[in-house]
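Please look through the sequence and the model shown here, and keep both at hand while reading.

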Amino acid sequence: MSYIRFEKALMTNLQESLPKEILRTNRSGAYSCSTIVDCNTRKYHGLLVVPIPELDDDGHVLLSSLDCTVIQHGAAFNLGLHKYQGNNYSPNGHKYIRSYDCDKVPTTVYRVGGVVMKKEVVFQHYEDRILIRYTLLDAHSPTTLRFKPFLAFRSVRQFTHENTIVNRDYQEVDNGIKTCLYAGYPELYMQFSRKCNFVFEPDWYRGIEYPKEQERGYASNEDLYVPGYFELNVRKGDSVVFAASTSESNTRGLRSLFAKEVDDRAPRDNFFHCLVNAAHQFHVEDKNGDKYILAGYPWFKARARDTFVALPGLTLSIEEDDYFENAMKTAEKGLREFMDGKPLSVKLYEIEQPDVLLWAVWCIQQYAKERGIEKCGKKYGKLVLNIISYIEDQRHPNLTLEDNGLVKTDGKERPVTWMNSMSSGRPVVPRTGYIVEFNALWYHALKFGAALAETGEDQKRADRLERLAAKCQKSFVETFVNEHGYLFDYVDGSDQDWSVRPNMIFAAAFDYSPLSQDQKKNVIDICTRELLTPKGLRSLSPKSNGYNPMYTGPQVQRDYAYHQGTAWPWLGGFYMEACLKLYKRTRLSFIERQMVGYENEMFYHCLGTLPELFDGNPPFHGRGAVSFAMNVAEILRSLEQLEKYKY
């Protein structure tokens with residue numbers, strides 16, 4: 001029995017099956033994403049979604065979906081499913097589904113009368129090619145399969161509608177056709193592993209609706225172009241492989257290619273392996289060989305802060321040092337170009353944010369902790385010390401080192417922290433001045449920098465950094481620890497933010513902490529009482545003004561809820577780290593119970609991964625991006641820490 005498996009009762013109940021999504025990626029920026037019943041519910045959904053750098057930085061939906069129809073004795077049974085305006089679903093192919101599982105690859109079994117057919121889907125690594133294998137498991141009479149492709153050729157941020165400029169031309173290629181609907185787009189090749197017949201019958205399917213966009217307050221319907229259909233005859237035991245790609249496929253090799261790609265996949269047979277599989281989906285390698293961590297699917301890019309927070313968990317925690325070093329090589333190039341005032345040659349977004357350099361140092365320190373400080377010093381010691389000098393020399397455009405040893409930033413007009421939602425051109429949470437996690441990170445960077453300098457036998461520099469760290473620690477406690485024992489979220493002159501927020505947890509979780517044991521205990525206790533949920537830490541306490549835990553409704557409503565009470569698993573990762581460091585083995589069972597809340601998510605929202613955030617109140621629904629790198633990373637890192645404390 002597969003770990004993630006659903007039977008007929010759930011699959012045929014759209015209320016249960018439609019919210020469950022499945023994601024496949026190729027590690028080069030392309031992806032395939034839909035619901036488990038193949039009904040697209042987002043404008044970001046599509047069977048083949050690829051980046052087209054010549055047009056823009058977005059992904060583009062080329063092939064939206066592929067309807068398969070089983071024909072026997074002249075009767076046609078369409079296995080597809082689309083939602084149309086007026087809450088109409090057609091052609092209701094989900095009623096033929098008997099089971100669904102995604103052990104190695106997503107697999108759906110259909111039964112139509114005496115016909116039993118299996119469908120398996122895989123995305124070829126490093127190629128913009130989706131592969132679907134159809135196997136006729138049982139049939140008692142001659143069977144024909146008909147395949148109808150729904151084409152979009154649009155950005156994931158837009159919609160397509162019936163028009164007269166669409167290019168209906170197509171050319172026959174080996175076992176299929178190629179077509180391109182609009183100038184600037186690549187050709188789409190649709191081919192089969194065996195000879196088929198293509199019938200040109202162009203039409204528009206109008207009024208297809210995406211309910212997830214409706215929920216988000218956006219436009220939600222479009223028209224999709226269908227150029228015609230493919231037909232081929234199959235017998236019991238036959239398998240046929242369909243390939244959709246931006247380059248021509250070798251149709252004779254499609255069967256062996258599909259088998260090879262399946263063999264390369266890690267099974268999703270338990271919680272840990274699901275997270276490992278999800279971790280690999282964030283890997284992106286561009287045409288230059290630069291490697292990145294994508295912040296999330298389906299709409300995020302490679303953001304600098306997310307990269308440095310997520311990289312240790314996505315790589316070091318699962319013994320994949322090579323990808324850490326390769327991604328860090330790309331990131332280091334970007335960091336040095338930024339510090340030198342040069343244009344970026346890498347696509348690492350938001351690198352100018354004031355805490356990015358500090359998170360980079362934390363990320364490197366995780367490498368030192370896992371692989372030894374001497375090895376780390378040889379690879380990254382110079383970079384870390386250069387970052388510290390860059391900040392000390394007051395060269396950062398929005399991070400100044402004050403005389404008290406703390407760092408200060410201006411976040412009044414534009415958000416500068418991970419709490420980055422805006423409304424009417426202003427930050428919803430205007431964190432500015434002395435920000436608690438910035439200064440926890442700065443103290444951590446100074447202590448780690450001193451350790452690296454000492455390892456490199458630069459004792460003079462190590463001593464100077466230790467003195468600066470001592471000044472920073474004293475000022476940190478004086479500035480942030482309030483009379484109730486928790487930490488101010490930010491302090492700007494006489495303005496002290498008394499809101500109970502999770503950003504104080506970093507000061508208790510870092511290996512180099514400016515807090516005493518008692519102060520750490522106070523921070524953990526208040527986080528436990530007011531912020532902890534089964535899905536991570538809330539971004540704001542229910543007792544604080546402005547608490548808004550439900551991430552629903554139109555954009556403005558969601559902007560005001562984004563960091564005002566929603567729960568975030570990656571913050572829960574740092575909370576669990578702080579608990580284990582302070583209470584050690586006595587908290588093991590508590591942390592294991594926390595993990596149950598995350599494991600449950602493997603079967604909801606997007607299967608086998610963790611979404612961007614959750615509502616802060618029960619039943620803690622998953623919201624936002626379907627798969628989020630920092631969340632997956634921190635839960636993987638927490639699992640690794642659990643194992644270390646157990647043994």
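The sulfur of Cys 33 has its closest cysteine sulfur in Cys 606, at 5.4 Å, which is too far for a bond, since a disulfide is a pair of cysteine sulfur atoms within 2.5 Å. This is a predicted model, in which local features need pLDDT of at least 70 and side-chain atom pairs count only at pLDDT 80 or more, while totals for chains, interfaces and linings use all residues. Residues are numbered from 1 along each chain as its sequence is written, and side-chain values use heavy atoms, with hydrogens and water left out.

For Cys 579, the closest cysteine sulfur belongs to Cys 527, and at 8.7 Å it is too far for a bond. A search of the whole structure finds zero disulfides. Cys 33 is buried, with a relative accessible area of 1%, and Cys 579 counts as buried at 0%; here buried means under 20% relative accessible area, exposed means over 50%, and partly exposed lies in between (1.4 Å probe, protein chains only).

Aromatic rings come next. A pair of aromatic rings is described by the distance of the centres and the angle of the planes. Rings of Phe, Tyr and Trp (its six-membered ring) pair if their centres lie within 6.5 Å, and planes under 30 degrees apart count as stacked, over 60 as edge-to-face and the rest as tilted. The whole structure holds 40 aromatic pairs. One of them joins Trp 299 and Phe 300, whose ring centres are 6.3 Å apart and whose planes stand at 55°, so this pair is tilted. Trp 299 is buried at 15% relative accessibility, and Phe 300 is buried at 14%.

In the pair of Trp 570 and Phe 574, the centres are 6.2 Å apart and the planes lie at 85°, so the pair is edge-to-face. Trp 570 and Phe 574 are four residues apart in helix H15 (residues 569-583), and are therefore separated by about one helical turn; helices (H or I, at least four residues) and strands (E, at least two) are DSSP runs, numbered from the N terminus. Both Trp 570 and Phe 574 are buried. The charged end of Arg 637 sits over the ring of Phe 574, 5.1 Å from its centre, where such a placement requires NZ of Lys or CZ of Arg within 6 Å of the ring centre and within 35 degrees of the ring normal.

Finally, three strands form an open antiparallel sheet in the order S27-S28-S29, where two strands pair if DSSP finds at least two bridges between them.
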